[in-house]
Amino acid sequence: MAGHLFVGMLGPLLLALGAPVTLLLRTLPVRRARQVSRLLRSRIAGFYIHPVTAAMLNIGGLWMLYTTGLFAAMHHHLWLHILVHAQVFAAGYLFTVSMLAIDPLSRRFSYTYRTIVFILALAGHGILSKFLYAYPPHGVPVEEARAGAMLMYYGGDAVDLAIIVLLFRGWYLSANRARQQFRRESTLGCLCKKHS
């Protein structure tokens, strides 16, 4: 479960905070940067970065991993183990990026919309950890499964708290910029009326 926290939650959060797409666009030659920008604006990229899609891939993938035979099977096949961890990381990254919107995205969703999706994803994650506490995956000792479920619940909450703080900070700064813009436009409008 510690692997799930590091690979699927903390790692994606730290990578998203590093803004790798912005860094990539700044370091590439202009022609290549335009190609990457076109790819980021494509329908397929928009589909995967959509908050609902990213949440379904992230939380739905975890439900599939821990409530089916996939968890047991990945311990017997190295290729499946690598594939599952790659999916957990990619889904966690897409979800984090769709919530925080630090890098350029094909479409930025409102803070209200992202917050609602995030709350639903939190609920899905919390319910899964409680489900695993009550019904451990096949082949996992009960005490080990319960310790893992508790780590998933409380450790996941710690990472989610960081995302909440960053999401609401962005919302606050965005609202503050909008207020300042409104004041400037109001002041400019008043000055124009006085001079006419």
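This is a predicted model: local features need pLDDT of at least 70, side-chain atom pairs count only at pLDDT 80 or more; totals for chains, interfaces and linings use all residues.
Helix α8 gives the most to the lining of the largest cavity, with 4 residues.

About 120 Å³ of space lies in the largest cavity. Its lining is made of 15 residues, and those closest to its centre are M9, N58, I59, F95 and D160. Besides α8 (111–134), the elements that each supply at least two residues of this lining are α1 (2–17), α5 (51–67), α7 (78–100) and α9 (142–195). By residue class, the lining of the largest cavity divides into 9 nonpolar, 5 polar and 1 charged.

The next feature is an open one. The largest pocket has a volume of about 330 Å³. Of the 19 residues that line this pocket, M1, H4, Y66, F71 and H75 are the closest to its centre. Two or more residues of the pocket lining come from each of α1, α5, α6 (70–74), α7 and α9. Helix α9 has the largest share of that lining, 4 residues. The pocket lining divides into 13 nonpolar, 5 polar and 1 charged.

Together with L14 and I102, L17 makes a nonpolar surface patch of about 260 Å². Is L17 buried, partly exposed or exposed? L17 has a relative accessibility of 39%, so it counts as partly exposed, because that class runs between the limits of 20% for buried and 50% for exposed.

N176 lies in helix α9, the helix with the largest share of the lining of the largest pocket. N176 has a relative accessible area of 22% and is therefore partly exposed; buried would require a value under 20%.

How far apart are the C-alpha atoms of N176 and F118? These two residues are 58 residues apart along the chain, and their C-alpha atoms are separated by 22 Å.

Terms used:
Residues are numbered from 1 along each chain as its sequence is written. Side-chain values use heavy atoms; hydrogens and water are left out. On a 1 Å grid over the protein atoms alone, a cavity is a set of points where a 1.4 Å probe fits but cannot get out, and a pocket is an open set with protein on both sides within 12 Å along at least five of seven lines; lining residues have an atom within 4 Å of a point. Grid points are joined across faces, edges and corners, and a volume is the space filled by probe spheres set on the points. Ala, Val, Leu, Ile, Met, Phe, Trp, Tyr, Cys and Pro count as nonpolar, Asp, Glu, Lys and Arg as charged, and the others, Gly among them, as polar. Patches are made of residues with over 30% relative accessible area and no salt bridge: like charges are joined within 9 Å, nonpolar side chains (Val, Leu, Ile, Met, Phe, Trp, Tyr) within 5 Å. Accessible areas come from the Shrake-Rupley method with a 1.4 Å probe; for residues, only the protein chains shown count as cover. A salt bridge is a side-chain nitrogen of Lys or Arg within 4 Å of a carboxyl oxygen of Asp or Glu. Buried means under 20% relative accessible area, exposed over 50%, partly exposed in between (1.4 Å probe, protein chains only).
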